[in-house]
Amino acid sequence: MHISISWLKRYVDIHETPEELAEMLTILGFEAEDGIDISSINNVVTAHIKSVEKHPNADKLSICTIDDGDEVHQVICGAPNVKPGLNVFLAQIGAEFSDGFKIKKAKIRGVDSFGMLCSEKELNLSDNHSGIMELSSDVTPGIPFQQYYKNHLLSIELDITPNRPDALSHYGIAREIAIKTSRELRLFSTYEPKIVQDVNENVKVIIDDPDGCPRYIAGVVKNIEIGPSPDWMIQCLASAGQRSINNVVDISNFVLLEMGHPTHIFDFRLIPTNTIGVSRAKDGQIFTTLDEEKRTLNSEHLLITDGETPIALAGIMGGLNTAVKEDTHTVLIESAYFDPITIRKGSKSLGMLTEASRRFERGADIEGAYSAFWRIVELLVNHANGKMASNIVDNYAKRIQPPNIVLRHKHATSILGFDISESFIKDSLEKLGVQIQKQKTDEWLCIPPSHRPDLEREIDLIEEIVRIHGYDQIPDNANFSSLYPDKEPDPTNKLKDIFTSLKGFGYQQCYNNSLQSLTIAELAGSAPVETINPLGEQMAVLRTCLFPGLLQNADYNANNGNKNVMLFEYGQIHQRNGDGFENIVETSLVSGITTGLYTKKDVHFNNDTIQDLYLLKGTISTLILSLLGEAPDYQISQSITFHSAFNVVFQNIVIGKIGVFSDSYKYKLSINLKDIYGFELFVEPLLELLNIPNYYKKVSTYPKIQRDLNFIFDESTQSQEVINAIMSKQYNNLTDVVPSNIFHHENLGSGKKSIVFKFTFQSDTKTLEDTEVNPVINEIISVVKSGFDGKLRAL
């Protein structure tokens with residue numbers, strides 16, 4: 001936002017240089033740059049246009065006679081607003097601009113030109129190049145641009161954060177300076193003129209949507225004379241980068257930049273019903289705005305009507321059908337408060353960001369609407385010869401109550417990390433306009449002013465106190481409190497070990513969009529969570545699974561020549577189990593996919609190693625073993641995603657899943673790769689297991705005894721189920737059971753297979769004898785026979 005320093009001085013004394021002022025405002029939370037770089041502009045002076053004639057060889061060019069205080073020059077100009085009597089900036093021959101452009105004597109369509117009349121863009125004052133810059137009528141020709149800028153146009157550029165609508169005005173910034181420096185803020189006096197009431201000018205305001213428009217103020221001013229604005233107003237607008245148009249338009253723009261509250265002025269003769277209505281638009285309704293663009297509206301848009309016909313797009317832009325014209329003599333003034341969300345939705349859907357919508361969608365001052373109305377009336381009376389012709393109509397349809405906030409001195413001191421006096425807190429709050437009432441020894445009840453909608457909680461007031469104190473004045477301290485004390489500042493920190501291990505196995509980490517299309521989200525078999533105002537169909541819901549993004553990554557790589565892919569991603573998925581926020585379930589996952597070759601044949605490897613489910617299982621087992629000290633078990637499970645799926649189980653807790661992606665799932669995602677394997681690790685149970693302390697276990701120094709047993713099973717029997725049944729008996733000294741061989745042959749019988757298990761025995765206290773192992777072997781044979789109908793077979 002462009003802030004004029006000379007304009008600020010109307011409300012508060014300023015002794016700082018532009019650089020010092022910019023630094024002060026930056027510390028206050030408004031990122032500031034000290035003005036515009038004009039150092040490269042030279043040989044530009046103020047000048048007076050004495051006469052203007054049509055160019056004989058060009059319809060859009062004019063021949064101007066220019067007085068620069070020393071000489072009279074002939075200059076060719078194509079600006080639409082050039083006319084005799086204007087004071088302007090003249091770039092003399094030899095003038096050079098920041099882009100390297102240099103003014104020379106030129107012959108334009110056969111006529112000599114000795115200079116150039118400048119727009120604001122050429123002088124680096126703004127991006128406006130619609131016409132030459134007009135100066136006030138009291139300007140003396142011959143003043144160098146650098147000097148004029150320093151005296152009248154000195155400014156700073158501010159970046160106002162969205163939560164501070166009160167700072168989108170000169171008065172708002174002046175208020176901040178006064179608070180910081182303890183200087184006097186020159187307040188507005190409410191102007192209420194004598195009303196010469198005319199029954200023909202009375203107006204009625206009907207609000208059909210009080211949620212969209214809680215307050216609407218209107219009144220009629222007659223005997224308006226359209227003409228030029230006063231020099232001081234032209235000067236103020238120019239210093240803020242605005243070009244003067246006429247007194248009525250300038251007054252509305254001036255109040256917007258002065259007070260920060262948008263208003264609108266209608267030609268009252270074009271409102272035959274003497275009625276103002278506020279209602280929602282109809283879907284598909286067409287309305288032409290002031291910029292002569294036809295807009296297609298919907299029920300999200302709020303309209304101002306004359307009771308029947310739309311005359312303005314509320315909070316965004318007025319209508320062409322009631323615009324003020326040169327022959328306007330009676331006007332209706334609008335000063336209203338519109339709901340921020342309503343204006344934001346309407347502005348965004350039409351792609352219209354105006355100065356009015358920018359302020360309304362951030363939260364204007366509902367009480368400031370009254371002051372802004374009378375400020376407009378005052379300026380119309382004083383500078384357009386207007387007379388108030390109707391009573392003010394103030395339809396306050398829905399009161400907005402400010403919050404009651406309890407501020408605790410002890411808590412503020414704890415949050416800030418240093419002692420701050422009660423007197424400073426009280427003084428700071430009073431400067432901010434906060435109403436305060438002592439409740440307890442160190443506690444205040446606070447009611448923020450209407451122009452600060454961002455003050456909602458205790459922490460907001462604490463932030464304001466330290467802002468006024470100065471962030472740069474906070475003493476160094478090693479100990480600070482927090483609103484959210486936690487024994488574990490980052491509970492997910494241990495996930496780094498998982499990421500590091502996966503990268504060590506050859507996986508690369510991805511970051512995909514957390515939004516998906518409804519079609520893709522429904523593939524997971526759970527109800528997705530829809531977003532409000534989605535950017536498009538492809539980002540309509542929160543994702544329900546991480547696999548679609550990873551598979552699309554792999555497919556993209558394959559289409560670009562890389563078919564050997566190992567990827568993983570950490571993220572959250574969401575599903576809806578019912579209505580309301582409480583039924584939205586968020587789950588954190590680490591998911592990965594692998595396809596193609598794990599290693600290629602080269603000088604280090606004799607053969608290609610192809611990715612398969614067993615390789616993936618080995619990776620996950622090694623990962624869990626390194627993290628938790630034991631390898632996990634695997635149990636057959638069902639999955640919409642995989643056609644062969646296994647749960648990853650650790651100490652009877654399911655911590656993940658692995659499998660082979662089904663062809664139907666890949667088809668629905670348009671993935672052309674053949675064999676793709678995937679895994680999911682559930683973060684919450686993993687973190688709980690990772691937080692369990694690991695205790696040292698002495699390594700046995702005694703020898704191991706290994707025995708092999710060969711059993712014949714039905715083809716459907718899973719080796720892991722057999723192992724789980726054996727280990728659940730907790731036999732003494734049995735430390736490990738693994739399947740070492742699986743054999744299929746017709747001699748075994750139809751639907752049969754042979755599995756060889758290797759059993760490891762070891763004691764921590766002695767060397768085991770056969771007499772201690774053999775009884776356990778016999779019990780194992782019995783368990784396998786009774787539980788799985790397994791028949792012992794000779795090795």
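The questions and answers below concern a predicted model.

Q: Which element supplies the largest share of the lining of the second largest pocket?
A: The second largest pocket holds about 1,400 Å³ of space and is lined by 46 residues. Helix H6 (247-259), strand E13 (263-267), strand E18 (310-313), strand E19 (317-318) and helix H8 (355-360) each supply at least two residues of this lining. The largest share, six residues, comes from H6.

Q: Which residues lie nearest the centre of the second largest pocket?
A: By class, the lining of this pocket has 25 nonpolar, 13 polar and eight charged residues. Of the 46 lining residues, those nearest the centre are Val249, Asn253, Leu256, Leu290 and Glu355.

Q: At what angle do helix H10 and helix H12 pack?
A: H10 covers residues 409-416 and H12 covers residues 458-469. The crossing of H10 and H12 is right-handed. Their axes are 10 Å apart, and the angle is about 65°.

Q: Which residues of H12 meet H10?
A: By class, the contact of H10 with H12 has six nonpolar, one polar and one charged residues. On the H10 side the contact is made by His411, Ala412, Ile415 and Leu416. On the H12 side it is made by Glu458, Ile459, Ile462 and Val466.

Q: Is phenylalanine 418 buried or exposed?
A: Phenylalanine 418 lies in the loop between H10 and helix H11 (422-431). Leaving aside neighbours within four places in sequence, phenylalanine 418 is in contact with Thr413, His469, Ile474 and Pro475. Its relative accessibility is 9%, and buried means under 20%, so phenylalanine 418 counts as buried.

Q: What distance separates the C-alpha atoms of phenylalanine 418 and isoleucine 474?
A: Ile474 is one of the residues in contact with phenylalanine 418 once neighbours within four places in sequence are left aside. The two residues are 56 residues apart along the chain, and their C-alpha atoms are separated by 7.6 Å.

Q: Which residues of helix H18 are buried?
A: Helix H18 spans residues 683-690 and is mostly covered, with six of its eight residues buried. Those buried residues are Val683, Pro685, Leu686, Leu687, Leu689 and Leu690.

Q: How far apart in space are serine 6 and histidine 152, C-alpha to C-alpha?
A: Serine 6 lies in helix H1 (residues 5-8). Leaving aside neighbours within four places in sequence, serine 6 is in contact with His152, Leu154 and Ser239. Serine 6 and histidine 152 are 146 residues apart in sequence, and their separation in space, C-alpha to C-alpha, is 6.4 Å.

Q: Why does serine 6 count as partly exposed?
A: Buried means under 20% relative accessible area and exposed means over 50%, with partly exposed in between. Serine 6 counts as partly exposed because its relative accessibility is 34%.

Q: What is the phi of asparagine 385?
A: Most residues other than glycine have a negative phi. Asparagine 385 is found in the loop between helix H9 (368-383) and strand E21 (387-388), and at 44% relative accessibility it counts as partly exposed. Asparagine 385 is not a glycine, yet its phi is positive, near 60°.

Q: Is asparagine 652 buried or exposed?
A: Asparagine 652 is found in the loop between strand E34 (642-650) and strand E35 (653-661). Asparagine 652 has a positive phi of about 65° although it is not a glycine. Its relative accessibility is 77%, and the cut-off for exposed is over 50%, so asparagine 652 counts as exposed.

Methods:
Residues numbered from 1 in each chain as written. Predicted model: local features only at pLDDT ≥ 70, side-chain atom pairs only at ≥ 80, totals over all residues. Heavy atoms only, no water. 1 Å grid on protein atoms, 1.4 Å probe; cavity = no way out; pocket = protein on both sides within 12 Å on 5 of 7 lines; lining within 4 Å. Points joined across faces, edges and corners; volume = space filled by probe spheres on them. Helix = DSSP H or I, 4+ residues; strand = E, 2+ residues; numbered from the N terminus. Nonpolar A, V, L, I, M, F, W, Y, C, P; charged D, E, K, R; others polar. Axes fitted to C-alpha atoms, helices over the stretch in contact; angles between N-to-C directions. Left-handed = near helix turned anticlockwise from the far one by under 90°. Contact = heavy atoms within 4.5 Å. Buried < 20%, exposed > 50% of the residue type's maximum accessible area, 1.4 Å probe, protein only.
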